[in-house]
Amino acid sequence: MGSHRRPKSPSRARVTVLTATAAAAVALTSQAAHADPQMSKADAKAKVDQLYEEAEQATEKYNGAKEQHDKLQKEVNDLQDKVARGQDELNKLRDSLGLMATAQYRTGSVDPTLQLLLSSDPDTFLEKASTLDQLTAKQADTLRVIAAKQRTLKQQREEASSKLADLEATRKAREERKDEVQSKLADAQKVLDGFSEKDRAEITGADKNSDSGSGKSNGKSGGGSSGSVNIPAGSGRGGAALSAAQTQLGKPYEYGATGMSTWDCSGLTQWAYGQAGVSLPRTSQEQADYGTKIYDQSQLQIGDLVIFYGDQHHVGLYAGNGQVLHAPRTGANVRYEAMSNMPFQFGVRVG
């Protein structure tokens, strides 16, 4: 009879080794299946440039939404102040009707005539001429003023309510644009995280930032300040604006920033022209419509606004010799740059 002995079980140590080996093989297979090949610096630069451009587009939308929100907030505050003052004036007018009327109004036991007069619609009373005979001329005049005040207050409250709804809509739009900017910047950072600090600086153009602190370029082509020429002096408001902007060379770009430690593109140009006595609007698109458009680059003058990209989401100041002084984008500082590095649309001569 054959033996029915059970096969010998593998040792516990052998099982452990086999299990660990299998797990490692699964892990390696999983990593191979999900890992992306190392992106080249050229591909990373193209991707980061695209994300930064999209972030700047969203930044200008954010600036516009913030500007509208701030404007509406001021209008709401002004209306609410008017309503408060109007209500105070109305209360004083009601008190002027006399102690008896005031006492009756406050206790709720108002005489039918006075109840009608002090209602939310005293115009109804004014239509009943016979009732006016029961009042003094002074009381009648006061009631007419009260009626007018109440109409005004009603209109102001309705307007304030409408603007509050608009204010909430602009707040949501502003937050959406802010989220969009931050998402684009986070995606760009993920790309950059796969590279060394030196490579990241080369990809973002931050290695050009050291070239931007002077009115003279370093002669490097395609960089932060192309062309080996001096920046010519300007005159008038444009020259004054460029001179102001030159004091900000080397300061970092930050979306939505209006100085003094950081800037975005339109924040810098708005501030620079402010130093020249000109109040520019906040966004690059609004600034693009502020003055006389100049489509021939050879006709540009020092300090003219220079608008880039089809949707006009970037602006700088013409610095002469084919260069622009601007706040470029995240990761870069305020600097000179060749206009040929960006798609020129037109210049704007600020009057």
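## Helix 2 against helix 8

Lys41, Ala44, Lys45, Val48, Asp49 and Tyr52 in helix 2 touch Asp199, Glu202, Ile203 and Thr204 in helix 8. By type, the residues of this contact split into four nonpolar, one polar and five charged. The model described here is predicted.

Helix 8 spans residues 197–204. Helix 2 packs on helix 8 at an angle of about 55°, and their axes lie 9 Å apart. An angle under 35 degrees would count as roughly parallel, and 65 to 115 as roughly perpendicular. Helix 2 and helix 8 are therefore oblique to each other. Their crossing is right-handed.

## The cavity

How many cavities of 30 Å³ or more does the structure hold? It holds one. The volume of the largest cavity is about 30 Å³.

Its lining is made by Tyr52, Ala55, Glu56, Thr59, Val181, Leu185, Tyr253, Tyr255, Arg329 and Thr330. Six of these lining residues are nonpolar, two are polar and two are charged. Helix 2 (41–95) and helix 7 (137–192) each supply at least two residues of the lining. Which helix gives the most? Helix 2 does, with four residues.

## Helix 9 against helix 10

Helix 9 covers residues 236–246, and helix 10 covers residues 265–275. They pack at an angle of about 120°, with axes 7 Å apart. Roughly perpendicular ends at 115 degrees, and roughly antiparallel applies over 145. Helix 9 and helix 10 are therefore oblique to each other. Helix 9 passes helix 10 in a right-handed crossing.

Which residues make the contact? From helix 9 come Arg237, Gly238, Ala241, Ala244 and Ala245. From helix 10 come Leu268, Trp271, Ala272, Tyr273 and Gln275. Seven residues of this contact are nonpolar, two are polar and one is charged.

## Two backbone exceptions

Most residues other than glycine have a negative phi, and most peptide bonds are trans. Two spots in this model depart from those patterns.

Where is Met260 placed? Met260 sits in the loop between helix 9 and helix 10. The peptide bond from Gly259 to Met260 is cis, with omega near 0°.

Tyr309 is the other spot. Tyr309 is not a glycine, yet it has a positive phi of about 75°. Tyr309 lies in the loop between strand 2 (305–308) and strand 3 (314–320).

How values were computed
Residues numbered from 1 in each chain as written. Predicted model: local features only at pLDDT ≥ 70, side-chain atom pairs only at ≥ 80, totals over all residues. Heavy atoms only, no water. Axes fitted to C-alpha atoms, helices over the stretch in contact; angles between N-to-C directions. Left-handed = near helix turned anticlockwise from the far one by under 90°. Contact = heavy atoms within 4.5 Å. Nonpolar A, V, L, I, M, F, W, Y, C, P; charged D, E, K, R; others polar. 1 Å grid on protein atoms, 1.4 Å probe; cavity = no way out; pocket = protein on both sides within 12 Å on 5 of 7 lines; lining within 4 Å. Points joined across faces, edges and corners; volume = space filled by probe spheres on them.
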